[in-house]
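Please open the model in your viewer and keep the sequence panel at hand.

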Amino acid sequence: PTPFLLPALYFSVNVAILVLLAVAFLIIVQRNLLNLNDFLRSENPDAVPGMILPFESEFSPELRPDLVRTGEKIPVVITAAEERLGAVVAAMNSVYQNSKANIVFNIVTMNDTVDHLKVWMTKTQLNNVKHKIIIFEPQLLNGKITKNPQKLDSVKPLTFARFYMPVFIPDAEKAIYLDDDIIVQGDIQELFDTSLKSGHAAAFSDDCDSASAKGIVRGAGNQNNYIGFLDFKKEAIKKLGMRANTCSFNPGVIVANLTEWKRQNITNQLEHWMELNAQEDLYSKTLAESITTPPLLIVFYKHHSSIDPMWHVRHLGATGAGNRYSPQFVKAAKLLHWNGHYKPWSRTSSFTEVWDKWYIQDPMRKFHPVRKHAGDK
């Protein structure tokens, strides 16, 4: 080459070398990142990509970018009592993180809980969750619950919120109701797609045909059938012609056809039986957990659809739940329900590590999970 072409040639060679070095550097970086990812997976094989680890949420609220959620809205009704606010937050987090569906939470609460709830929803990763806060007015229950002072302590107004779903979400044709002591491990879209028979306003989990319903609820007698909830000696119950050994159902998870609910005036029917019970004491004396169950059993007697049993694995809050279920079964369950005396955020309970995975620390430091283990003083 001529002397005039040599500088240009050298420049081209240098540029080519720099490009090759840059490509080599990027390849090395990529391999290191892949190796790091493999290492993290081997350290925590159960981790879901983007999943927020237990108790880390307040330090990294932006850890998981929000999914683009399109399609039909899935209304989920859930209650938020002040003393159980950590429970409803964990429940909502588990529902939201395990689905790409367009979920809208309708959170029914009391006036004195609204401010605390709003802070929890805005200062953590739940700030992306679509939700509506609904104030429950206890006046709705006037004349519908017992005046017996010995029983008033067990009456929690929010437990009756499920009776008023069409009032809270008047534009919804279908909705899901969830108790706050649940954790969802499946995609809530699957539960929402539960098929209801023509003329049925709701689907529940029957107690007799589910593995999670076997056994006796401590201190309550057999709660698997109607006689465990209703007093069949009372004339009003006799007139209904219901069989006492009919399998009961658990209303902690409900898939509701709200169009049919309104057409059949289900809310008015439930209120009627609440009022009659307040006057005539129709419920069983062995009644254990829920005074909301008896009126539902009456109104939906042999007139409801069924939920897949794996979408309502319950009694995790009962004595001996840890022996009843294997860890493999609990992991496979789509929805876990700690109904019973022992909640995963309070006293000794089984499978608390599952609940811990979805709990989000209280930004206001008011709610603290309390665990009492054997030997604690």
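Against which helices do the buried residues of helix 9 pack? They pack against helix 5 (165-168), helix 7 (235-238), helix 8 (258-263) and helix 10 (293-299). Before examining that packing, please note how the selections are defined. This is a predicted model, in which local features need pLDDT of at least 70 and side-chain atom pairs count only at pLDDT 80 or more, while totals for chains, interfaces and linings use all residues. Residues are numbered from 1 along each chain as its sequence is written, and side-chain values use heavy atoms, with hydrogens and water left out.

**First stop: helix 9**

Select residues 266-280, which form helix 9. Helices (H or I, at least four residues) and strands (E, at least two) are DSSP runs, numbered from the N terminus. Helix 9 contains 15 residues and spans 21 Å from its first C-alpha to its last, close to the 21 Å expected at 1.5 Å a residue; the expected span is 1.5 Å times one less than the number of residues.

Next, display the side chains of Ile266, Thr267, Leu270, Glu271, Trp273, Met274, Leu276 and Asn277, the buried residues of this helix. Buried denotes under 20% relative accessible area, exposed over 50%, and partly exposed in between (1.4 Å probe, protein chains only). Then move to Asp281, which follows helix 9 and has a positive phi, near 55°.

**Second stop: salt bridges**

How many salt bridges does the structure hold? There are 7, a salt bridge being a side-chain nitrogen of Lys or Arg within 4 Å of a carboxyl oxygen of Asp or Glu.

Select Asp207 and Arg314 next; their salt bridge has its closest N and O atoms 3.0 Å apart. Here, 107 residues separate the partners, with Asp207 in the loop between strand 6 (202-206) and helix 7, and Arg314 in the loop between strand 8 (305-306) and helix 11 (321-324).

Then select Glu190 and Lys334, which meet in a salt bridge of 2.9 Å, N to O. Glu190 belongs to helix 6 (residues 188-192), whereas Lys334 sits in the loop between helix 12 (327-332) and strand 9 (335-337), 144 residues away. Glu190 is partly exposed at 38% relative accessibility, and Lys334 is partly exposed at 25%.

**Third stop: the whole chain**

Now display the entire protein, which has 13 helices and 9 strands. Buried residues make up 47% of its 377 residues. Of the contacts (heavy atoms within 4.5 Å) with a separation of 6 or more, 76% are between residues 24 or more positions apart.

Finally, colour by pLDDT, the predictor's confidence in each residue, from 0 to 100. The average is 82, and 74% of the residues score at least 70. Select residues 33-65, where pLDDT stays under 50 and the model has 28 contacts beyond four places in sequence. Residues 2-6 also stay under 50, with 1 such contact.
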